[in-house]
Amino acid sequence: MKLYYTPNSPYARICRITAIESGLGDALALDWVGLRTPDSPVIAISPLGRIPLLQDGDVVLSEARHICAYLDEKSGKRTVAPYGDWLAVAAEAQSLAFLDVVTVWSREMRRKESERSSFLLDVADIQVRRGLAHLNATLTVPVGAPPITFGALCAVAAIGMMEFYELIPDWRETYPALAAWSDAYDTAASIADSKPSQDALRPLTR
Ligand SMILES: N[C@@H](CCC(=O)N[C@@H](CS)C(=O)NCC(=O)O)C(=O)O
């Protein structure tokens, strides 16, 4: 199995953590690719060139949730909420939506300051704060090893981006329950070792 990825992609991070925590770390070859570069090997198998992209023989999966469900099938573990357990599906969707808005904001922050849309930044700020309040009110700090689920990893990856781009500098003081939850997840090496880094940052390309 091969995962095309970039080290700072939060969606790819979720897949990488899931593979490690499911015992599939060695079975997953990682290929760091450029985004929006015509020579990306991803484009030949997935036209929009988005990552994470998992290739396993004829199977090509281009959504993090599908990739994690595929890894679940391989490992026999369950990290993705099953259809039928609708409360779990709904909670997972809230975390994924939170990651999506954090990602939109983060991408805008990578553009030159003069080119950023103040409208987009305002909307993202409102949505991210709503998401933070929701997670702060609903997540409970795990006792012992943090359970690795797709929904939890969406929140982990979103918080990682939020901190990296310093989107809401005072989030820890404002949302202390979520900060404690996040600290519990940071005890897992797969999570602590996969945070976004300046070294892996590449210029935006078209
Ligand atoms: N819905 C996708 C989102 C993946 C995504 O947004 N990937 C970004 C990198 S973090 C990407 O490939 N962007 C390429 C582009 O914007 O052209 C998922 O859940 O995997």
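Predicted model: local features only at pLDDT ≥ 70, side-chain atom pairs only at ≥ 80, totals over all residues.
Trainee: What is the order of helices and strands in the protein?

Mentor: The protein has nine helices and four strands. Read from the N terminus, the elements run β-α-β-α-β-β-α-α-α-α-α-α-α.

Trainee: How do you know that the radius of gyration agrees with a compact globule?

Mentor: For 206 residues, a compact globule would have a radius of gyration near 17 Å, and the protein has 17 Å, so the value agrees with the rule. Along the principal axes, the C-alpha atoms fill a box of roughly 45 × 45 × 30 Å.

Trainee: What share of the residues counts as buried, and what share of the contacts joins residues 24 or more positions apart?

Mentor: Of the 206 residues, 45% count as buried. Among contacts with a separation of 6 or more, 69% are between residues 24 or more positions apart. The protein exposes about 10,900 Å², and carbon and sulfur atoms supply 54% of that area.

Trainee: Are cysteine 15 and cysteine 154 buried or exposed?

Mentor: Buried means under 20% relative accessible area. Cysteine 15 has 0% relative accessibility and so counts as buried; cysteine 154, at 0%, is likewise buried.

Trainee: Why is the pair of tyrosine 83 and tryptophan 86 called stacked?

Mentor: A search of the whole structure finds three aromatic pairs. In one of them, tyrosine 83 and tryptophan 86 have ring centres 5.7 Å apart and an angle of 20° between the planes.

Trainee: Why is the pair of tryptophan 181 and tyrosine 185 called tilted?

Mentor: The centres of tryptophan 181 and tyrosine 185 are 4.3 Å apart, with 35° between the planes. Stacked requires under 30 degrees and edge-to-face over 60, so this angle falls in the remaining class, tilted.

Trainee: How are tryptophan 181 and tyrosine 185 placed in helix α8?

Mentor: The two are four residues apart in helix α8 (residues 176-185), so they are separated by about one helical turn. Both fall under the 20% cut-off for buried: tryptophan 181 has a relative accessible area of 3%, and tyrosine 185 has 4% relative accessibility.

Trainee: Which residues of α8 are buried, and what do they pack against?

Mentor: The buried residues of α8 are Leu178, Ala179, Trp181, Ser182, Ala184 and Tyr185. These buried residues pack against α5, α6 (150-164), α7 (171-174) and α9.

Trainee: What makes serine 194 a buried residue, and where does its side chain reach?

Mentor: Serine 194 lies in the segment after α9 (189-192). Its relative accessibility is 7%, under the 20% limit, so serine 194 counts as buried. The side chain of serine 194 reaches the backbone oxygen of serine 190 at 2.7 Å. Neighbours within four places in sequence aside, serine 194 is in contact with Arg13, Arg16 and Ile17.

Trainee: Why is arginine 65 called buried, whereas valine 123 is called partly exposed?

Mentor: Arginine 65, in helix α3 (residues 64-75), has a relative accessible area of 17%, which is under 20% and therefore buried. Apart from neighbours within four places in sequence, arginine 65 is in contact with Val80, Ala81, Tyr83, Glu92 and Phe150. Valine 123, in helix α5 (residues 118-138), has 31%, which lies between the 20% and 50% limits, so valine 123 is partly exposed.

Definitions and conventions: Residues numbered from 1 in each chain as written. Heavy atoms only, no water. Buried < 20%, exposed > 50% of the residue type's maximum accessible area, 1.4 Å probe, protein only. Polar contact = N/O pair within 3.5 Å; in protein donor to acceptor, adjacent residues only side chain to side chain. Contact = heavy atoms within 4.5 Å. Rg over C-alpha atoms; globule rule 2.2 N^0.38 Å. Areas by Shrake-Rupley, 256 points an atom, 1.4 Å probe, with all protein chains shown as cover. Phe/Tyr/Trp six-rings, centres within 6.5 Å; stacked < 30°, edge-to-face > 60°.
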